[in-house]
Structure formats: C-alpha cells, structure tokens
Amino acid sequence: MQIVILNGPNLNMLGQREPEIYGTETLEDINQWLKTESRMQFQWFQSNSEGELIDLIQKAQIEKSDIVINPGAFTHYSYGLHDALSSHRAAGLFSIECHLSNPAARESFRQNSVISPAVTGTIAGLGKNVYLHALREIKSRRGN
Ligand code: DQA
C-alpha cells in the first residue's frame with residue numbers, strides 16, 4: 001500500500017491564512033501530527049500549480065498509489081484535476097477528497113466540487129482529522 005497526500009493552492013499559507021476558518025497550525029505541523037497519529041507511511045506534497053498536481057496524480061497512477069487530496073480552490077473549477085483523478089480511479093485506485101473546512105456551509109461558489117464525482121469519497125469540515133480519517137479509510141479498504 002502506497003499513499004500520496006496532495007495539498008493544493010494556498011494551503012502552504014496555513015497558520016497565517018484566515019485562522020478562524022483553517023486554524024493556527026501550519027501545513028508542516030499537520031504533516032508531523034499525521035505521521036505520529038496515523039503511524040502510517042505516506043508521501044506529502046503541496047503545490048500552488050494545477051499542472052504540478054496533475055503530474056503528481058498521473059505519477060500516483062503509474063506507481064499504483066492511492067491518493068488523499070485537498071485540492072484547495074481547484075476543487076471548484078479544475079476539470080484537469082477531475083480528469084486526472086477519474087483516470088486514477090478507473091485504474092482501480094482509491095482517492096479521497098478532503099477539506100479542513102466545510103465548503104457546503106460557506107460561500108455559494110464553494111458549494112460545488114468538480115472533484116467529488118471523480119473520487120472514491122469526500123471528507124470535510126473536521127479540521128486536520130480529515131487527513132487521518134482518509135488514511136484510515138484507505139488502510140481498511142486495502143485490508144491492512
Ligand atoms: C479548502 C476549501 C476550499 O474551498 C478552499 O479554496 C481552500 C481550502 C479546505 O480545506 O477547507 O483552499 O479546500
């Protein structure tokens with residue numbers, strides 16, 4: 001079982017970015033917490049670039065890795081990410097979309113995800129625990 005966790009645009013600003021919505025921990029704080037809490041192996045990336053995220057999804061497909069992805073604002077309009085994730089899922093791999101906040105309870109533009117139809121499932125609104133739940137879901141699906 002190989003798992004890649006991808007974080008999209010502006011998530012590198014966690015800690016400074018609207019802490020009332022996203023909390024005060026940095027993305028690296030969450031990475032370290034997740035390693036300790038999950039006791040699982042995973043690769044961790046962040047990119048502000050749609051193309052780089054697509055490259056990483058394609059690489060995960062080639063290497064047969066499952067994906068946990070917080071696509072940030074790309075959630076709401078990136079058909080490129082949608083198509084890459086559809087292809088990854090069609091190859092029999094799992095992908096879980098995560099959001100720290102609950103986009104369904106926020107501005108109207110956040111209420112649609114173009115990513116959700118392409119992934120195995122979505123977890124939102126539980127802060128950093130969304131990553132932990134996603135990892136555990138993949139682990140149980142892989143029978144580990
Ligand atoms: C987010 C929600 C998105 O709407 C937003 O653009 C983000 C973060 C979340 O984790 O709650 O960048 O994906």
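Reader: How far does a polar side-chain atom of Arg110 lie from an oxygen atom of the ligand?

Author: The model is predicted: local features need pLDDT of at least 70, side-chain atom pairs count only at pLDDT 80 or more, and totals for chains, interfaces and linings use all residues. Residues are numbered from 1 along each chain as its sequence is written, and side-chain values use heavy atoms, leaving out hydrogens and water. From the polar side-chain atom of Arg110 to the ligand oxygen (N or O pairs count within 3.5 Å), the distance is 2.9 Å.

Reader: What percentage of the ligand's exposed area does the protein bury?

Author: His76 places a polar side-chain atom 2.7 Å from a ligand oxygen. Taken alone, the ligand exposes 320 Å² (Shrake-Rupley, 1.4 Å probe), and the share buried by the protein is 99%.

Reader: How many charged residues does the shell around the ligand have?

Author: The shell (heavy atoms within 4 Å) includes Tyr22, Asn70, Leu100 and Ser101. By class, three of its residues are nonpolar and five polar. The charged ones number two.

Reader: Which element gives the largest share of the lining of the largest cavity?

Author: That cavity holds about 50 Å³ of space. Val4, Gln43, Phe45, Leu56, Lys59, Ala60 and Glu63 line it. Two or more lining residues come from each of strand 2 (43-46) and helix 3 (50-62). The largest share, three residues, belongs to helix 3.

Key:
A polar contact is a pair of N or O atoms within 3.5 Å; within protein, one must be able to donate a hydrogen and the other to accept it, and residues adjacent in sequence count only if both atoms are side-chain atoms. Ala, Val, Leu, Ile, Met, Phe, Trp, Tyr, Cys and Pro count as nonpolar, Asp, Glu, Lys and Arg as charged, and the others, Gly among them, as polar. On a 1 Å grid over the protein atoms alone, a cavity is a set of points where a 1.4 Å probe fits but cannot get out, and a pocket is an open set with protein on both sides within 12 Å along at least five of seven lines; lining residues have an atom within 4 Å of a point. Grid points are joined across faces, edges and corners, and a volume is the space filled by probe spheres set on the points. Helices (H or I, at least four residues) and strands (E, at least two) are DSSP runs, numbered from the N terminus.
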